[in-house]
Amino acid sequence: MAVYKTNALVLRRIPLGEKDKIVTLFTREYGKLNAVAKGARRTTSRLAGATEPLMLLRALLAEGMNLDILTQCEIRESFSHLRSDFGLILRATYACELLDKLTVERDPSPEAFDLLLSTLYVLQRAVEPDAALHAFELQFLAQIGYEPRLDACARCGKDLADGEGAGFSASRGGLLCGPCADATDDTLNLSPAAARMMIRLLNEEDAKALARIEMTPTEREEIARVLRAHLRFRLERDVKSTEFLDAHRLGAMNLTPDAGT
Amino acid sequence: MVQYARPLARLVGEFEKLPGIGPKSAQRLAFYVLRLSEEEGQALADAIVEVKRRIGYCRVCFNFTDQEVCDICRDTRRDAGLLCVVADPRDLVAMEKTGEFKGLYHVLGGVLAPMEGIGPDQLKIRELLARLRENDMREVVIATNPNVEGDATAMYLATHLKNLGVRVTRIAHGVPVGGDLDYADQATLIQALDGRREM
Ligand SMILES: [Zn+2]
Ligand SMILES: [Zn+2]
């Protein structure tokens, strides 16, 4: 039975039988893969803590009949600061889910791995966590060819310098010029300042700089709405943690007034 | 494929729906039932029916009970100023087995799980807040699992409960009693270090 070593981030895990887990790992070398962690649901297992979401591992895997087996691992980073902040957990979970939904198994993408990892690090010390998260969304979309068009009108192709558009259309996939904004049904507000911020987030690769970016309330609101629409239009499946994150951004994720008793 | 007589196939099929039971185990259980005396078989069937008919949720704490209010909630010897919040009735049982906790419980019925779309409205959080508004509690102990969902739930609850002016604590996580530091997994050690106490 062949064994291999890899750096892996645990995206999620589901219980298997009484004592085991199936973990979804995003590995740098092999892409996304599912592996069985035997005995990992017992509190005494050395795999128990390591096979939880958001753990960065150096993992030893053995090829199995159906699923590979996670035989040993060492925690490289547990992101304990992320775990101690509700808003950061939601954002990190959302990033993992988005990546999970937009990748297929065993399709290596070291760029996506590095991007996710650096996003988790930046989230831990970002002045504006949403800047780090939107940068992840934009840069990941660019990696898979879904990036919104921000330098020209997405309908007529007219050059739009410095984000000077008149709105954003999810169906067109980018910024619109004045006449096109009027002629499009799903035009959303996107002020030039917010569009410029999106361009900056799309291109900023320096972690230190990303962690220092600040956004105005308008930028925060417009970018979140525009990206949400852009993603929804391109994804065939729902990203479930979106709903949570949006609710959290609107306030302390209050209970809806009339549900339940 | 082996063809069972229809009633037997039906029983195998029902067993297969149970958690952790595959086709082989389902077949083994079905054959076991087949060998039971009629009385034994009836007793098994009755137990299942009775559980379904009589067990419901406690109106106060949402633990399983066969009454409107469960035994723990009605026990006047317990400390009514101390409340332990658990995710699941099984966690309540685990806490009770220690014999150390003398307060009352509140069962959430799960944990916040963003990826599964389980939010505050799906849990008994509103009920918890109402309970704390109506009763004077000294302290709320949050006893959720030490994982992403358990952490998120604990933090969410802490924010909302502190608004009510109640003291909120969370059970400590660390090296298991009788465990060997050398053998403890890293995640546990990291948490144990985070939760270290002054001596
Ligand atoms: Zn145009
Ligand atoms: Zn009760």
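Colleague: How many residues of chain B are in contact with chain A?

Modeller: In this predicted model, 24 residues of chain B are in contact with 34 residues of chain A. Contact means that two C-beta atoms, placed from the backbone, lie within 7 Å. Among the elements that give two or more residues to that side of chain B are α6 (125-134) and α8 (186-194) of chain B. α7(B) gives the most, with six residues.

Colleague: How should I read the numbers and letters?

Modeller: Residues are numbered from 1 along each chain as its sequence is written, and chains are lettered from A and ligands numbered from 1 in the order in which they are written. As the model is predicted, local features need pLDDT of at least 70 and side-chain atom pairs count only at pLDDT 80 or more, while totals for chains, interfaces and linings use all residues. Helices (H or I, at least four residues) and strands (E, at least two) are DSSP runs, numbered from the N terminus.

Colleague: Why are α4(A) and α8(A) called roughly parallel?

Modeller: Their axes cross at roughly 30° and come within 11 Å. Axes are lines fitted to C-alpha atoms, for helices over the stretch in contact, and angles run from 0 to 180 degrees between N-to-C directions. Angles under 35 degrees count as roughly parallel, over 145 as roughly antiparallel, 65 to 115 as roughly perpendicular and the rest as oblique. So α4(A) and α8(A) are roughly parallel. The contact includes His134(A) of α4(A) and Leu227(A) of α8(A).

Colleague: What makes β3(B) and β4(B) a pair?

Modeller: Two strands pair if DSSP finds at least two bridges between them. Five bridges join β3(B) to β4(B), and the strands run parallel. Cys84(B) stands opposite Tyr105(B) there. β3(B) also pairs with β5(B), over four bridges.

Colleague: Which strands form the sheet, and in what order?

Modeller: The order is β4-β3-β5-β6 in chain B, in an open sheet. β4 and β6 of chain B each have a single partner strand, so one side of each is left without a neighbour in the sheet.

Colleague: Why is β4(B) described as largely enclosed?

Modeller: A residue is buried if 20 or more other C-beta atoms lie within 10 Å of its own, exposed if 12 or fewer, and partly exposed in between; C-beta atoms are placed from the backbone. Four of the five residues of β4(B) are buried, so the strand is largely enclosed by the rest of the structure.
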